[in-house]
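Please look through the structure below with an eye to its surface and its charged side chains. The paragraphs that follow take these topics in turn.

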Amino acid sequence: MAGPWEKYQKPKAGPWDRFQLSAPEAESSQGQQLETSFMEQLGNGLNEGVAEFAGMPVDLMTSALNLGVSGVNAITGSDIDQISNPVGGSGTFKGALEGVGAITDAEPATNAQRYARSIGREAGAMVIPAGATARTAKGLLPLLGMEAASAVGAGVGSQVARDIAPGSGLAEFAGGLLGGLTPVAASRAMRAAPKAPDLDDLRARQEAAYGAVEQSGATVAPQASQRLRQGLLDRIDAEGVPEFLPSNVRSVAAKIEALPPNAKVTDIEDLRRLIGNDVAGSVDGQARRIGVDLKGDVDDFLSNLQPSDLSGGAQTGVLDSLSEGREMTRRIKKAEALGGDTGVVTKALRRAATSGTGGNEVNAIRQNIRTILDNPKRRRGFSKEEIAMMEQIVEGTHVTNGLRMIGRFSPTSGALPAMASGASGITFGPLGAAPFAAGYFAKAGAEELTKRQVGLLDELVRNGAPLPPKMASEAEMMTLQALLPALAATSGD
């Protein structure tokens, strides 16, 4: 009487006898279709997937050895048998599971059962790698949910590929990969990309930072305060006889004279704002020039303050708070210079609108941004990345410039194109109006691309640095780490 392990006995021939076992034979009688169910096929698939992943290392090594055998046979003309069903391969584990009834001989009878088996197979193959990654996961439930969704997608994709290209391991792998990646891609798409803070956020941070400096009560050491005071007065004295200077310059000189030797840090910041508003912002050319220089001196002083320059009050964290407040102020000013009510972009769009057609929007934006680039003092406040982006807007990309050229035919580019469009349409019909229609859409495209560039510049200014790319989440990365080896184990059987 045959023993229960008879189906694993060695075959008679072949040099690889000691490394392989015979494949288990189906036990369905006379080829009759056994009754089965959706859940049975799902379970069969789960156990098959586990077996295929467990036997993958041996299967891969066997494939490599068989490739070498094929090469030897081709070169020498020999007929060395290849390894089949190696011990420790997926066949070993499947046979063991079949022996205990975990995998039945019943084949799927319906499409639903076929897909259930495929889904189960991919889910089973992901069990081991998913368990390995889950040990270090910070969020276990999101990870398990995504891995389950990925397994379902991979199973559906693999079965679709088998239906379209039966017997193609590459197609099966590609279908499973596409299906398995779909939940990962959907998860990534639903997560918001990093955003730059808006002006309200910047103002709140500015207020909080300066509030912390004010509450600290920290003062500037007398020697540092005297250094600033004397430097500012020397600059004013170098301008000539005080009586001949503009009145606002003389007024600010008196404020500088009155600066106490133990001035608070916020007093220095207030002096800077006073110089900026009353002198640097003056309509008088001489006063404006002097004010810009004085304001720059105060900026340099505040930017280079050291802990040794402070005395009195709670000094811990004062310089960090001051730096934060000044940084927020810079971002706010630059953002307003670009897109505020009096910003260069806003002015450009208003000027374009006065033409009645908005025909020169792109040109107006470029010209106004160029006023920043051409002015060394205005340009100085912007970073290298911001300047590079402004230069790109002014110069335009190949696509934008190409669309602008075609857009010259747009009826909205001015009176002449509008008249030509109407006359051509009357004379030649729809065909005659085609170039002007193309011009219309090209012009709109150039405007949209330019505004998009301006939007990116605005984000860069408000964020203070390029926004980081949207990175994959922990669950997405760990799902990929489980999906790829699982597909490698199940594809091509």
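This is a predicted model: local features need pLDDT of at least 70, side-chain atom pairs count only at pLDDT 80 or more; totals for chains, interfaces and linings use all residues.

Val-160 is found in helix 5, which spans residues 140-164 (helices are DSSP runs of H or I with at least four residues, numbered from the N terminus). At 34% relative accessibility, Val-160 counts as partly exposed, a class lying between buried, under 20% relative accessible area, and exposed, over 50%, with a 1.4 Å probe and protein chains only. Together with Val-152, Val-156 and Ile-164, Val-160 forms a nonpolar surface patch of about 320 Å² accessible area; such patches take residues with over 30% relative accessible area and no salt bridge, nonpolar side chains being joined within 5 Å and like charges within 9 Å.

Residues are numbered from 1 along each chain as its sequence is written, and side-chain values use heavy atoms, without hydrogens and water.

Arg-114 forms a salt bridge with Asp-163, with the closest N and O atoms 2.2 Å apart (a side-chain nitrogen of Lys or Arg within 4 Å of a carboxyl oxygen of Asp or Glu). Because Arg-114 lies in helix 4 and Asp-163 in helix 5, the pair ties together parts that are 49 residues apart in sequence. A salt bridge at 3.6 Å, N to O, also joins Glu-269 and Arg-272, which are separated by about one helical turn in helix 10, and both residues are buried.

How values were computed. Accessible areas come from the Shrake-Rupley method with a 1.4 Å probe; for residues, only the protein chains shown count as cover. Helices (H or I, at least four residues) and strands (E, at least two) are DSSP runs, numbered from the N terminus.
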